[in-house]
Amino acid sequence: MNLKKYLVRALHRLQKGPGYTYKELLVWYCDNTNTHGPKRIIKEGPKKKLMWFFLTLLFASLVFWQWGILINTYLSYNVTSSLSIGFKTMKFPAVTVCNANPFKYSEVRPLLKELDRLIEAALERILQPGNSSEDESPPLDLELWNQIPLVLIDEHDKDNPVILDIFETNQTAVGNDTNVNNDAAGDNETMGNKIMNDFGAKPTCSHQGSDNCTYRNFSSAAQAVTEWYILQSTSILSKVPLHERIRMGYQAEDMILACLYGAEPCNYKNFTQIYHPDHGNCYIFNWGMDEEALNSSNPGAEFGLKLILDISQQDYIPYLSSAAGARLMLHQQKSFPFLKDQGIYAMAGTETSIGVLVDELERMGYPYSDCTMNGSDVPVKNLYSQYNTSYSIQACLRSCFQNHMVEICGCGHYMFPLPEGVTYCNNEDNPGWAYCYSSLRSSIKQRQICIDSCKETCNDTQYKMTISMADWPSEASEDWIFHILSYERDMSTNVTLDRNGVIKLNIYFQEYNYRTISESAATTIVWLLSSLGGQFGFWMGGSVLCLIEFGEIIIDSVWITIINIIGWCKGLKQRRARARYPDAPPTVSELVEAHTNLGFQHEVPGAVPRAGELPPEPGTPPPNYDSLRVRPPDTLGPDSNRDTE
Amino acid sequence: LKRTLPVRGPQAPTLSELMRWYCLNTNTHGCRRIVVSRGRLRRLLWIVLTLSAVGLILWQCAELLMNYYSASVSVTVQFQKLPFPAVTICNINPYKYSAMKEYLSELDKETKKALETFYGFSEGKSKVRRSVDDWNSTGSDFFQHIPLLKVEDFSRTATDLHTGQKRKIEGSVFHKDSSIVNSGDSNDIIGFQLCDANNSSDCALYTFSSGVNAIQEWYKLHYMNIMAQIPLETKEKLSYSADDLLLTCFFDGLSCDKRHFTRFHHPLHGNCYTFNSGDNGTILSTSTGGSEYGLQVVLYIDEAEYNPFLVTSSGAKIIVHDQNEYPFIEDIGTEIEPAAATSIGMHFTRSRKLSKPYSDCTETGADIPVENLYNKSYSLQICLHSCFQKAMVDSCGCAQYAQPLPAGAEYCNYKKNPNWMYCYYRLHEKFVKEQLGCQQICKDACSFKEWALTTSIAQWPSIVSEDWMLRVLSWDKGQKLNKKLNKTDLANLMVFYKDLNERFISENPANTLVILLSNFGGQLGLWMSCSVVCVIEIVEVFFIDSLSIVLRRQWQKAKKWWRNRQQGGLGKAPQAGDPERQGHDNPVCIDEDLPTFTTALRLPLPQNSPLPRTPPPNYSTLHLETAFTEQLPDTLELDQH
């Protein structure tokens, strides 16, 4: 009982401010809240009251609507970009130089001897179909040929193209069982008058049998021969162990004749050797793997890297690569050079100047954009990590392809690194690999899978190059330059260099060497709060405290409800108990009010108050207007006093 | 619980009362301080502070409004399958020289003669000389209108090419080469004179510091004249066919041929071929970067068929563009060297600007008053060319050869429009000096695609592969060509994506209405804790209420004056309790349905003294807190008792 009394008292004390009915509560709230609208409602006349009521409602809904928009904006994680351009001391990019030709022909000739003879004979047949000179002393080894022969497809008659093996005279009409892959030159009725030899379609059959064949068509013999040669040589070279392949490639001391970085001399020992499947031995300057990356703090050719290379064009493999020059690429430290994608050529007999602008894009990771910081969250195993290089999208795509290749064909492609425990494809062990590879390569689906699973890196750095060329060495200086360079390389007085081999390279920073686009979050939590506050303040003059006030009111109304329910229950009990009394039982609120509120006795003027307490003197007297008007500042005094009474 | 207010806004008897009421009850913070503060200094201080806060708010809000239309840039990178752009390839030489012989023979003879006369150059073949002599006898007046002239040392005399006569130069002299560097040395200058056919005294002499430029320019002028008369079909035949130009083609690891190319006739470059033009509805895309997966073509340049006067360099020109963009190959083409492999790495960037009101660009070009003569999507280049062509047709009556024809116009040629060259040069000069207004009318497009190219060159074919390569390529070219190809007739071209990252640079509005309002709210709240409610209050109090008070007082004055006049100066006090009068007096009170009786009684009071000594009636209590109406009767009764 004591407890109950205590609770009731506490309750009453709590409710003293807001009042005991919903209405009182509301009025009290409106009068005392710090939000601007509600005060107006109760302080105006009836018509204006209505207006203010709707205005307040309108503003409140506006506030909520705008809040919704703001929160939505925040959750969309927009970014703003800022751009900065200028010159600063930066890490000089890693420079990879390769020869366009992977191996010295003098070294690989024994391996490719059979193949070369084969292709020479084939070319002979193609170019002079009439007189087939069969007087060659050693017979051709047709084993290589038979696996993937070069054929001539005469598509004069579109429906049954005639396929002619170059080394055989009998023409085979293609039956329906062979799938002519007419991807490029299928419908060439427009080429009617030319004897259409869609040359060099090479049927690659899967090893199960000849019924599963595709012909790869080429519209040009040159291309067909090159592709065929690459395929065959790949197969041969993949059996050669790596150290042997490195030996067959160009050595640093042969290739890099002179090197100057800024004012400091450097030589081939400053280059890191890496074996690149396309280009053989490549040499990387300033890779940053073992030692600190070099900085460049001055723009201009004088402070950049100057190289003189020799590509010895005479030693090129004739059928493998038809373009001659050095392949070079600028890339970030500790990243693998993907020369086929990003590399540029430098022509022999010229001086190529490359001005560099580092174009960086720094992005924010999840959730702002879908990029990866270091590739650890990409579901593709990075095969290039064996080179100790960082993740890049090219590495991911190639690893993805190689993984697919291993999965489907059972062996790895020669151009990409190998996963654990897998060998490179070659014709002996995997007779059907070429078919498998070309179907995989042209499969759009496979590419899409790789594109979907790989993510770009958040920091995208590009080296924008301004390339210019001049003839080098000049005719006047040619002699002595070649003399000195040959002497330094070979310690002999014979000139071993010529115009077709030497390349001069200047790589340097431009006057403005960086352009950085960096992202920052457009909407932070601070932005969100200040915008929310701004909205609330703008429409209603509210703040967080107003929200708390509102919450308080809700709690209060819950209290009132509880009190009402308790009262109602009590009333029910009492009514049952006093069913015999004639007069109507008091309402709950009356009862409650009777306890506390002195001003509420008038409700039933005639009725005798029921509750324990007698009606005290009615309310407070009306305010003393006189005093109010004379000293306005004091008007507040009595008011607040009364409130706190 | 109750709050008694002395007066409510509209009923306030005077303006100062109203202000006082406002200041005490407003939700903004500064005003209250003014009223509550004691002491003049402090009050002044608060007035200054409040006013400066208001000033700051106005200033800051004005700033916000002015910066509303600003844009922020965002750069996104997307790694995805990219559409391969259209690649248009042209031979630098437009038409086969051998086929053009019949059209150009006279012009060539003329040019050779000029070379011989002015520079003593001759090809050393008697045949040429003879033909020149022939020409003299046949005598076409075709070139006589615009002969090459040798201007001697600014003495305003010129030697005519044919007649050898010296003649006086009239009109203005234009230095085509440089307007800045005046070649003041005594060298003879070569040029040509263009005259207005209708008014032969109006002539302009175009001179060049170098004879090479002069002859080329002069040749081009006549060449365009001749070409304008040849119909398009003939011209297409005269130019290179796809078989002529393209030897091999390889795209994305697969072989391709001339059917992947679309012919496009360029007025200055002859037949050009566009790879992946999207004409057959499909646009090829690349899903792997790198040189193997791009476009690789070997071009046959055929240097033997080059026009010696029209083009002086050899090779091909390519341009990488979007499928619905017009290839302005003469303006922004990249040149390809023969006997070399040119590798072009692309990097794709898409940009998007915000159109009005953020910047002055156009989305579709529909709002530009220049008709698009090219049936491709709008670009600034297209607009400028179309604008110039339109001006040309308007002022010269015929269309310039290098640009498409507007409806109903035809290309200028010497026979029909003898005046066109002069007109063209005049117009072109105006155009360059931005006097035609084209540069003002044309706006740049809001969105554009750009392929940044990195071009590098390697020797091709290499020394060791040269032999078989040329043989096989000659075979590819077809048996009809018996001679072995020369490597300077070939060019290898590789166009590929360096990476599949697409950079998308877009402008976004930096501000939205929501953010602007938030910022307003922040400013209002920061300086004065104000809100829209306060603004409405201010409007209410300062305009509506003040006005009503002023009106009321004016009305009362008028009424008083009227009554005084009517009653003949009886000096009777105003009839109290007149309900009608009261209603007129205080229009706001009519609205309120509460007792007006007492209110009316008291209203005139303020006229006597601003602070009424007797307490006003309860009228404020009466309408005070209508929520408490249940309570009020009680107190009222008590009062009345």
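Ala263(A) is exposed, with a relative accessible area of 75%; exposed means over 50%, buried under 20%, and partly exposed in between, with a 1.4 Å probe and protein chains only. This is a predicted model, in which local features need pLDDT of at least 70 and side-chain atom pairs count only at pLDDT 80 or more, while totals for chains, interfaces and linings use all residues. Residues are numbered from 1 along each chain as its sequence is written, chains are lettered from A and ligands numbered from 1 in the order in which they are written, and side-chain values use heavy atoms, with hydrogens and water left out.

Ala263(A) sits in the loop between strand E9 (256-261) and strand E10 (264-266) of chain A. Helices (H or I, at least four residues) and strands (E, at least two) are DSSP runs, numbered from the N terminus. From Ala263(A) to Asp310(A) is 47 residues in sequence and 22 Å in space, C-alpha to C-alpha.

Chain A also holds an open sheet of five strands, ordered E11-E12-E3-E15-E16, with antiparallel pairing. Two strands pair if DSSP finds at least two bridges between them. Strands E11 (271-276) and E16 (344-346) of chain A are at the edges and have a single partner strand each, so one side of each lacks a neighbour in the sheet. E15 (residues 326-331) of chain A pairs with E16(A) in the antiparallel sense over three bridges. Leu328(A) has Ile344(A) in E16(A) as its bridge partner.

Helix H4 (residues 46-75) of chain A meets two helices of chain B. Its axis and that of helix H14 (residues 513-528) of chain B come within 10 Å and cross at roughly 115°; axes are lines fitted to C-alpha atoms, for helices over the stretch in contact, and angles run from 0 to 180 degrees between N-to-C directions. H4(A) is therefore roughly perpendicular to H14(B), a term for angles of 65 to 115 degrees. Gln66(A), Ile69(A) and Leu70(A) in H4(A) meet residues of H14(B) including Val514(B) and Leu517(B).

With helix H15 (residues 532-566) of chain B, the axis of H4(A) comes within 11 Å and crosses at roughly 150°. H4(A) is therefore roughly antiparallel to H15(B), the term for angles over 145 degrees. Among the residues that meet here are Trp52(A) and Phe59(A) in H4(A), and Val532(B) and Ile536(B) in H15(B).

Leu473(B) is in contact, leaving aside neighbours within four places in sequence, with residues including Ala222(A), Trp460(B) and Leu490(B); contact means heavy atoms within 4.5 Å.

How values were computed:
Parallel < 35°, antiparallel > 145°, perpendicular 65-115°, else oblique.
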